[in-house]
Amino acid sequence: MAYKLLFVCLGNICRSPAGENIMNHLIKQANLSDQIICDSAGTSSYHIGSSPDSRMSTAAVRRGIPMQGVARQFKPSDFEEFDLILAMDQENYHNILAFDRQGKYRDKVKMMCDYATHHSIKEVPDPYYGGKEGFDRVLDLLLDACRGLLAQIEQKILKTD
Ligand code: 4NP
């Protein structure tokens, strides 16, 4: 059975699709596409059905990472469906856990930045209302965190080394 990751932000058009697509890029490079599956969602309903934000896609494509996906909202059944749920910021984290009244799935929900090894910032900043540099900052952070996350999954879950 594949290990399933869900990346979550507010709108599911900037940070979480970037996390999903970066992670898929790294997974492909590592030849682990059969073993790790990624998806993303937003805590809000604002952008349901939308493609990733064009500013995020442009910044990602410049780094050789094409962005795919259609925005959807986080739903309680995601707690059962996924092995690990990655929140981009504290607000996302609390909004996800608000769906888990009994605290049954608490341990599945983590902060994305906890996996970064070259950045000490604790949250992936929301780039939506800012300039172009905000999108590049998101990509820098997510590349770092996704590399750290993949290394942990390889060691702890897949036990490949
Ligand atoms: P995301 O960015 O949560 O990284 O997808 C945002 C997208 C849309 C909005 C806020 C953040 N919005 O307010 O519409």
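How far does a backbone N or O atom of Gly 11 lie from an oxygen atom of the ligand? The distance is 2.8 Å.

This is a predicted model, in which local features need pLDDT of at least 70, side-chain atom pairs count only at pLDDT 80 or more, and totals for chains, interfaces and linings use all residues. Residues are numbered from 1 along each chain as its sequence is written, and side-chain values use heavy atoms, with hydrogens and water left out.

**The ligand**

Select the ligand together with Gly 11, Ile 13 and Arg 15, which are among the residues surrounding it (those with a heavy atom within 4 Å). A backbone N or O atom of Ile 13 lies 3.1 Å from a ligand oxygen, and an N or O atom in the side chain of Arg 15 is 2.7 Å from an oxygen atom of the ligand. The protein covers 93% of the 350 Å² of accessible area that the ligand has on its own (Shrake-Rupley method, 1.4 Å probe).

**The sheet**

Next, display the strands (DSSP runs of E, at least two residues). Four of them form an open, parallel sheet in the order 2-1-3-4, pairing being assigned where DSSP finds at least two bridges. Strand 2 (36-42) and strand 4 (109-111) are the edges. Zoom in on strand 3 (residues 84-87), which three bridges join to strand 4; Ile 85 stands opposite Val 109 there.

**The helices**

Finally, select helix 1 (residues 15-29), which lies across strand 1 (3-9) and strand 2 and runs at about 170 degrees to strand 2. Angles run from 0 to 180 degrees between N-to-C directions of axes fitted to C-alpha atoms, for helices over the stretch in contact (heavy atoms within 4.5 Å); helices are DSSP runs of H or I, at least four residues.

Conventions:
A polar contact is a pair of N or O atoms within 3.5 Å; within protein, one must be able to donate a hydrogen and the other to accept it, and residues adjacent in sequence count only if both atoms are side-chain atoms.
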